[in-house]
Amino acid sequence: MSPIGRVMEDMGAHILSVLGLGIPVNLPVFRAGIETELLPRYPCFCSIQVMDDSRGGKPRWVRTKVDLDDHIIVPRIDPAAVECDPDKAVEDYVASLSMLPMDRRRPLWEFHLLDFPTSEATSTMVLRLHHSIGDGMSLMTLYVASSRSTADPARLPTMPPPPRRTGEIYQLQPRPPLSSGKALLAWVLSYLVLAWHTLVDCVLLAATILFLSDPRTMFVRSDGGLQAQHRKRFIHRNLSLDDVKLIKTAVKCTINDVLVGLTSAALSRYYFRMSGDIDTKRICLRSFLLVNTRPVSCRQIHVTKVEKGNLLSSY
């Protein structure tokens, strides 16, 4: 198991992925796809984690027999709750999954099939996957690799082409000529400011690891360092990608910057509405954004070779 995989193992982190489907779930076809496509091609989906005493007690993957009845789950949900508000029924079910531990005696993945219509889908599929198996990018690549074109089912899928980064933010500023005076000074100063901000971020990161902590709010862990065992609710909102790109272009930033800003604004509004606090000076909330570190070229590899595991960084 990779070092990042061992970190995810120690944290007990797992991924919940919710997909809305345009047709009802065809359970026999879905099971056949798992048996013929997923399990033979991806060994982690038919392996369990065991401690290897010969390697100092480090975890490693060991192949095992997979019983699909343990991994494909069609839950029984209160029909009255589904009829009253199907969207909330899906949210409640996904929230309940966040409190259930994963059975380590079998491979750490589950498909939950909710075969009733919501406002946005005909049926819903929820994948619960331990983070040591893979990260978000490998999971999205797996979804693409498992799909087929309705026009030509025999044709294997391919990844979309890499984006063309032509915005002003991606262009390096050329060095002004030595005779430009103020322009050259501003160019040098911009790099000094960048170096200073990088140094400050490194110092703050080291201080946070060693002793610096955020003030107690509803978003941090409870006293004693243990995570409060409250049920987590997962609520999603649809955003127009065209609107996000419009904001990105207008303020000359990246799509990630826009999404982090939206999240920060939403958390701020939620905090002040729920707490009634009006003192903004003592609030310190750090955002932790994971970034895929795989080279763009590797995503263009034929999808029969999906890269698994965790290859990510953060800022």
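**A pocket, a sheet and a helix pair**

Helix H2 supplies seven residues to the lining of the second largest pocket, the largest share; helices (H or I, at least four residues) and strands (E, at least two) are DSSP runs numbered from the N terminus. The model is predicted, with local features needing pLDDT of at least 70 and side-chain atom pairs pLDDT 80 or more, while totals for chains, interfaces and linings use all residues. Residues are numbered from 1 along each chain as its sequence is written, and side-chain values use heavy atoms, without hydrogens and water.

Among the 26 lining residues, Val29, Phe30, Met125, Ser146 and Ser147 are the closest to the pocket centre. On a 1 Å grid over the protein atoms alone, a pocket is an open set of points where a 1.4 Å probe fits, with protein on both sides within 12 Å along at least five of seven lines, and lining residues have an atom within 4 Å of a point.

Turning to the sheet, four strands form an open arrangement in the order E1-E6-E5-E4, with mixed pairing; strands pair if DSSP finds at least two bridges between them. E1 and E4 (72-73) stand at the edges with a single partner strand each, so one side of each has no neighbour in the sheet. E5 and E6 run antiparallel and are joined by six bridges, and Glu110 has Arg128 in E6 as its bridge partner. H2 packs on this sheet, touching E4, E5 and E6, where contact means heavy atoms within 4.5 Å.

Definitions and conventions: Axes are lines fitted to C-alpha atoms, for helices over the stretch in contact, and angles run from 0 to 180 degrees between N-to-C directions.
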